[in-house]
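Dear colleague,

A summary of the findings follows it.

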Amino acid sequence: MGISRSFILTLGTGMFCGFFSFYLLNSTVSVHPRYIEGISPPQSIESHAHNHDELESAAGPMDNVAMHSSHEAHHAGEAVEAEILKDKVRVLCWVMTNPTNHQKKARHIKATWARRCNKLVFMSSEEDKELGAVALEVGEGRDHLWEKTKAAFIYIYNNHFEDADWFMKADDDTYVIVENLRYMLSPYDASHPIWFGCRFKKYVRQGYMSGGAGYVLSREALRKFVEEAIPNPKKCRPDHAGAEDVEIGKCMQNVGVKAVDSRDSLGRGRFFPFVPEHHLVPGHIGPKNWYWDWIYYPSKVGLDCCSDTAVSFHYVPPNKMYELEYFLYHLRPYGINHQDPFPPPLPPDTKSIPQKVIEQYKKDSVYTIQHSDDNTKQSRQENQGSEAKRQQTSKDGNTADVSLRRKDDKSKVVS
């Protein structure tokens, strides 16, 4: 039986429509990265998590991990400046967790980076007094993250609004260098409605901050979110569904909270959605990975990706938190001293920075430069004096050596 021309035409038309529809879907539909598998790295490179499912079974050590004492010779007096800034830039950290992760993950955050926060609260659906977890009346699971985020910020606003100037949200697989967070925030005023994080450019006109990398709200941003955004369904999504970071980004924009550039003055990032290795080593984040299309500012691979004052990394399993703790706070190359300018230089994009902050920064910077010049002049004079003494000592030493050689020569002649 022969195949009719109409059958072939119908089949061809169907195949064309199918392929065309597939093309349109792949080229126009955006899927939130929380639900996208990362592009697999080359087989020669060790793979780390690109999503929460891959970290589901990750658990830290059952026993407590011993830390070095701050009274040891290598650590005595090293945190003076950090402690001063801790009093001036008060940070409350709240960590999104769930009952399953209290022992597997959350307690290792409490044992490592979170102990440097001025105030720490874990947000869960079950109370855990030993951990410091609050029982929010919300459902658990990825579909309830937005509901949980709103409930968490409402709790913080009602119970800890006066305890801090800045309010940092993190996941239980986020690692935060709190000292660098305070350093970044130090030029800003918490009375301004601003927020910081790893900024993505989809869905929200001014961009929104990655939930996994963590984000930080000023006190005024928190007030506007709880008082103006959440109660108004036209400004904030009222139900429990939706991607938590996208939804809070929409709320922030709708109530006039500005998304501020969190990069350093060299344009290097501070908040990161993956572990350090994935940003530092080429090949982990493939050229077709969603990251390149979503990141708000240009980003590089290699050491130029990341600021020397980086703040956070995501998808960090508990064991790696202790590894980072050692590398950041214990291991140090002898003779290497940090030279961190204060106040820290502002980022390249200053459009969202309040004008009062910029004016105050200029005043502080002039004072810092003058003070630095005086110190440099004094240090140069001291170095010149030390060099003169060294040369004189060397000269005296050479004279003594010559005298000794002459005595030795004489003794040899006599003998």
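**Helix packing, disulfides and a buried serine**

In this predicted model, helix H3 (residues 101-111) packs against helix H10 (residues 318-329) at an angle of about 10°, the axes being 9 Å apart. H3 is therefore roughly parallel to H10. On the H3 side, Lys104, Lys105, His108, Ile109 and Ala111 take part, and they meet Pro318, Met321 and Tyr322 in H10. The residues of this contact comprise 5 nonpolar, 1 polar and 2 charged.

The disulfide count is 3, and with the bonded cysteines numbered in sequence order the pairing reads 1-2, 3-4, 5-6.

- Cys93 and Cys117 have their sulfur atoms 2.0 Å apart. The torsion about their S-S bond is about -90°, so this disulfide is left-handed. Cys93 belongs to strand S1 (residues 91-96) and Cys117 to the loop between H3 and strand S2 (119-124), so the bond ties together parts 24 residues apart in sequence.
- Cys236 and Cys251 are linked with sulfur atoms 1.8 Å apart. This link is right-handed, with 120° about the S-S bond. Cys236 lies in the loop between helix H6 (219-229) and helix H7 (244-254), and Cys251 in helix H7.
- Cys305 is joined to Cys306, with an S to S distance of 2.1 Å. A torsion of about -85° makes this disulfide left-handed.

Ser262 sits in the loop between strand S10 (258-259) and helix H8 (276-280). Ser262 has a relative accessible area of 6% and is therefore buried. Its side chain reaches the backbone oxygen of Gly197 at 2.9 Å. Beyond its neighbours within four places in sequence, Ser262 is in contact with residues including Met184, Phe196 and Arg270.

Yours sincerely

Key. Residues numbered from 1 in each chain as written. Predicted model: local features only at pLDDT ≥ 70, side-chain atom pairs only at ≥ 80, totals over all residues. Heavy atoms only, no water. Helix = DSSP H or I, 4+ residues; strand = E, 2+ residues; numbered from the N terminus. Buried < 20%, exposed > 50% of the residue type's maximum accessible area, 1.4 Å probe, protein only. Polar contact = N/O pair within 3.5 Å; in protein donor to acceptor, adjacent residues only side chain to side chain. Contact = heavy atoms within 4.5 Å. Axes fitted to C-alpha atoms, helices over the stretch in contact; angles between N-to-C directions. Parallel < 35°, antiparallel > 145°, perpendicular 65-115°, else oblique. Nonpolar A, V, L, I, M, F, W, Y, C, P; charged D, E, K, R; others polar. Disulfide = S-S within 2.5 Å.
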